[in-house]
Amino acid sequence: MSNIAVILGAGNSTRMKSEKSKLLLEINSKTVIERSVEAFSKIDLIDEIIVVCRECDLADFEKVLSDYDISYCFGGDTRQQSVKNAVETILPDECDLIIIHDGARPLVTEKEILDVLNTAKEKNAAAVGVPVKDTIKVVDKHSKIVDTPDRSSLISIRTPQVFKFDTYFKALQLACEKGRDYTDDCQLVEHYGDCVYVVYGDYGNIKITTPEDISAAQSILKLRGDK
């Protein structure tokens, strides 16, 4: 059975304030989506890569990713719907692990990918996360602070997130039947599937969301001695 990576790239890039998809922007001469796909293409444990994109971006994605053996599907209106579109192209009895990754996280490391894959193989479901650095406050609808969670128990969840395919598939089916739409795949599986375990990752695995993030990514690459 195969392990299949689904790389999500169908967002509207609203906060980037760019005319084109933020995944087509360059970080040191490589596009964001190319860096993300390249990271997963180097992992021998991954047998197939599916890139989820907007129909209007397909030609550009195919151009910048022409050197990679990947397939495509179109995204939906939400993250969950985009993953569902990819899942529907997969034969359930041929997939062991599904690896879900935000294409806007181009600095994911090989170690993170391998660590989360190996943990998911053992425990059924796992996600990359890092301990939060800031003090987190809970506020009410009036912006009044009502609680301060213990920071030692708080994790900022990132991707990749990896699940046994049958676990994820059943959880996705149940969510759809109940009319629920989750913005996080861990939350989906937590509610309808299984326990999810955290694999501690790299703080450099940032998400490209706003223009400032391009400069931050360039600085991280410089620190890594990468280009």
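This is a predicted model: local features need pLDDT of at least 70, side-chain atom pairs count only at pLDDT 80 or more; totals for chains, interfaces and linings use all residues.
Which residues does T135 touch, once neighbours within four places in sequence are set aside? The contacts are with T148 and R151.

As a rule, nonpolar side chains in soluble globular proteins tend to be buried together. Here, the largest nonpolar core has 41 residues, and I33, V37, F40, I46 and I49 touch the most other members. Elements giving two or more residues to this core are β1 (2-9), α1, β4 (48-53), α2 (58-64), β6, α4, β7 and α7 (211-224). The top contributor is α1, with 5 residues.

F40 is worth a click in the viewer. Leaving out neighbours within four places in sequence, F40 is in contact with A5, I7, I46, I49, I99, H101, V108, I113 and P160. There's also a second, separate core of 27 residues, whose members include V6, A86, F165 and A175.

Why call α1 largely enclosed by the rest of the structure? Because 9 of its 10 residues are buried. The buried set is V32, I33, E34, R35, S36, V37, E38, A39 and F40, so charged residues such as E34, R35 and E38 are in there too.

Now for α4 (residues 110-123), which has 14 residues and runs 20 Å from its first C-alpha to its last, close to the 20 Å expected at 1.5 Å a residue. Its buried residues are E112, I113, V116, L117, T119 and A120. They are covered by elements including α1 (32-41), β6 (95-102), β7, β10 (155-164) and β11 (197-200).

## How α5 meets α6

The axes of α5 (residues 165-177) and α6 (residues 185-192) come within 9 Å and cross at roughly 85 degrees. The two helices are therefore roughly perpendicular to each other.

On the α5 side, the contact is made by T167, Y168, A171, L172, L174 and A175; on the α6 side, by D185, L188, V189 and Y192. By class, this contact has 8 nonpolar, 1 polar and 1 charged residues.

Most residues other than glycine have a negative phi, and most peptide bonds are trans. A few spots here go against that.

Which peptide bond is cis? The one from T159 to P160, with omega near 15 degrees. P160 is found in strand β10, and it's also one of the residues in contact with F40.

Two loop residues have positive phi without being glycine. N28, with phi near 50 degrees, lies in the loop between β2 (26-27) and β3 (30-31) and is partly exposed, at a relative accessible area of 32%. S143, with phi of about 70 degrees, is in the loop between β8 and β9 (145-147); this residue is exposed, at 61% relative accessible area.

Terms used
Residues are numbered from 1 along each chain as its sequence is written. Side-chain values use heavy atoms; hydrogens and water are left out. Axes are lines fitted to C-alpha atoms, for helices over the stretch in contact, and angles run from 0 to 180 degrees between N-to-C directions. Helices (H or I, at least four residues) and strands (E, at least two) are DSSP runs, numbered from the N terminus. Angles under 35 degrees count as roughly parallel, over 145 as roughly antiparallel, 65 to 115 as roughly perpendicular and the rest as oblique. Contact means heavy atoms within 4.5 Å. The expected span of a helix is 1.5 Å times one less than its number of residues. Buried means under 20% relative accessible area, exposed over 50%, partly exposed in between (1.4 Å probe, protein chains only). A nonpolar core is a set of buried Ala, Val, Leu, Ile, Met, Phe, Trp, Tyr and Cys residues joined through side-chain atoms within 4.5 Å.
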